[in-house]
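Subject: Structure handover

Hello,

The structure we discussed is below, with its sequence. My notes on the helix packing and the ligand site follow.

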Amino acid sequence: MIPANIPSDAPGLTARALTYTPGVSSVTPPDLAATATHLTPVLGRYFERSWSHGDGHRLYDTSGKAYLDFANGIAVTALGHRHPRVTAAIHAQVDRLIGPTGAIGYAEPVARLAAMLAGTLPERLDSVMFLNSGSEAIDAALKLARRVTGRPGMVAFRGGFHGRTFGAMSITTSNLNYRTGYEPLVPGVYLSPYPAAYPEFDGDAERAAAAALAALGTVLETEISPSKVASIVIEPVLGEGGYQPAAPSFLVALREICDEHGILLIADEVQTGYARTGRMWGFEAAGIIPDVVVVAKAIANGLPLSAIVASRTRMEQWGRSAHGSTYGGNPVACAAGIAVLETIAEERLIENAATRGEELRSGLDRIAAEDPRIGNVRGRGLMLGVEFVHDETGQPDGALAKAVIARAADLGLLVLTCGMSGQVVRWIPPINATSAEVSEAVEIFAEAVRTV
Ligand SMILES: Cc1ncc(COP(=O)(O)O)c(C=O)c1O
């Protein structure tokens with residue numbers, strides 16, 4: 001039945017498309033692109049494919065073809081599709097309480113997830129505010145820092161991606177299109193180079209860190225006094241900007257600068273958190289403790305949920321009703337979040353991510369060694385990037401990376417691109433991927449690279 005509010009002659013919309021049930025073979029799978037007339041063309045899509053359902057680490061298109069899903073909705077379904085424990089938790093909570101309760105009191109899964117999340121972090125990070133998306137959480141962290149310090153300045157790093165809302169966008173520089181036409185952006189942002197080891201430093205992370213630190217010193221000497229800076233925001237591994245890990249020494253130096261000048265260090269762990277880098281949190285590689293940790297993506301394995309975590313003292317300084325959210329901390333999303341953390345702990349998925357990451361890396365290194373169009377393989381844990389370059393000039397080759405992921409999809413593997421020119425194929429497999437799946441993916445990728 002076509003819902004009453006949709007005219008039955010709406011372009012591209014058919015009763016069959018609306019009643020299609022995955023797995024029912026008597027119904028011809030619809031090409032959903034044809035029914036998408038009313039979906040905005042603004043949203044960027046990596047593929048023009050129509051998806052039917054997901055099962056574990058496979059995503060199925062509407063013709064029934066299976067794809068090994070190593071993209072996970074951009075690092076969101078980190079436990080794979082319809083993970084039984086997460087699905088069961090969602091079902092149980094849906095039958096108990098769906099609606100948000102934040103504004104009227106407390107609900108058990110929300111309080112429990114806050115305690116569990118805090119339990120994964122250093123002791124002083126003990127107070128959690130739940131929100132709905134990474135961007136929203138970044139904005140919240142920036143607001144906390146301004147209000148608590150009473151200072152205007154926000155320092156961020158070039159090439160960073162922090163989201164689409166005005167605050168997050170204003171510190172995002174991974175692509176001009178994310179900012180163009182929205183000016184004036186939020187004032188008070190100061191940008192400094194990310195300690196990116198490629199291509200300028202040929203993979204030497206320490207030299208990259210030293211240069212970036214010197215540049216940051218210049219910003220703090222010539223553009224804004226550190227006494228006016230509220231926050232320094234960093235992704236421990238640059239995400240959309242190209243999968244470049246920051247040297248631990250750089251994060252240690254940032255911590256020292258923040259301590260010396262009373263600046264809050266905000267770790268954007270939206271992509272790097274939840275075992276992605278082979279540790280629960282990306283910042284752990286440097287042995288530092290940020291003042292605010294921003295969490296999203298994998299937190300509820302696909303349901304919309306995000307969080308910022310800081311000390312209770314900072315949250316109290318921020319003040320009652322200084323920030324809020326109608327939907328943040330939805331009980332169903334939080335129930336999913338509990339199941340995610342339980343699964344990570346019980347199935348030892350941090351260790352799994354680290355081990356599978358090593359396997360994936362050596363497979364990708366082998367492919368790179370035989371192909372001059374691959375400039376380098378980089379990253380941490382299960383957050384790896386393969387950079388494609390023109391073999392004569394060494395310049396980034398976004399068109400080639402795009403062709404490779406299209407070919408890989410044809411061959412049954414989903415991987416995405418990132419980087420300023422889209423030249424990096426990024427790998428964000430499920431953190432519970434198996435060795436056999438990693439081998440399968442490497443094999444398909446080798447074939448894709450060979451045949452583009
Ligand atoms: C590092 C980082 N921060 C923030 C965001 C924004 O998150 P969202 O898209 O949930 O708003 C993203 C999204 O890709 C991200 O990768």
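A crossing is called left-handed if the near helix is turned anticlockwise from the far one by less than a right angle, and right-handed if clockwise. Helices are DSSP runs (H or I, at least four residues), numbered from the N terminus.

This is a predicted model, in which local features need pLDDT of at least 70 and side-chain atom pairs pLDDT 80 or more, while totals for chains, interfaces and linings use all residues. Residues are numbered from 1 along each chain as its sequence is written, and side-chain values use heavy atoms, without hydrogens and water.

Helices

Helix 3 (residues 84–94) passes helix 10 (residues 331–346) in a right-handed crossing. Their axes, lines fitted to C-alpha atoms over the stretch in contact, come within 8 Å and cross at roughly 150°. The angle, taken between N-to-C directions on a scale from 0 to 180 degrees, therefore makes the two helices roughly antiparallel (over 145 degrees).

Ligand

Residues around the ligand (a heavy atom within 4 Å) include Ser133, Phe161, His162, Glu235 and Lys297. By class, the shell has two nonpolar, six polar and four charged residues, with Asp, Glu, Lys and Arg counted as charged and Gly among the polar ones.

For polar contacts (N or O pairs within 3.5 Å), a side-chain atom of Ser135 lies 2.5 Å from a ligand oxygen. The side chain of Asp268 places an N or O atom 2.7 Å from a ligand nitrogen.

Regards

Terms used: A polar contact is a pair of N or O atoms within 3.5 Å; within protein, one must be able to donate a hydrogen and the other to accept it, and residues adjacent in sequence count only if both atoms are side-chain atoms. Angles under 35 degrees count as roughly parallel, over 145 as roughly antiparallel, 65 to 115 as roughly perpendicular and the rest as oblique.
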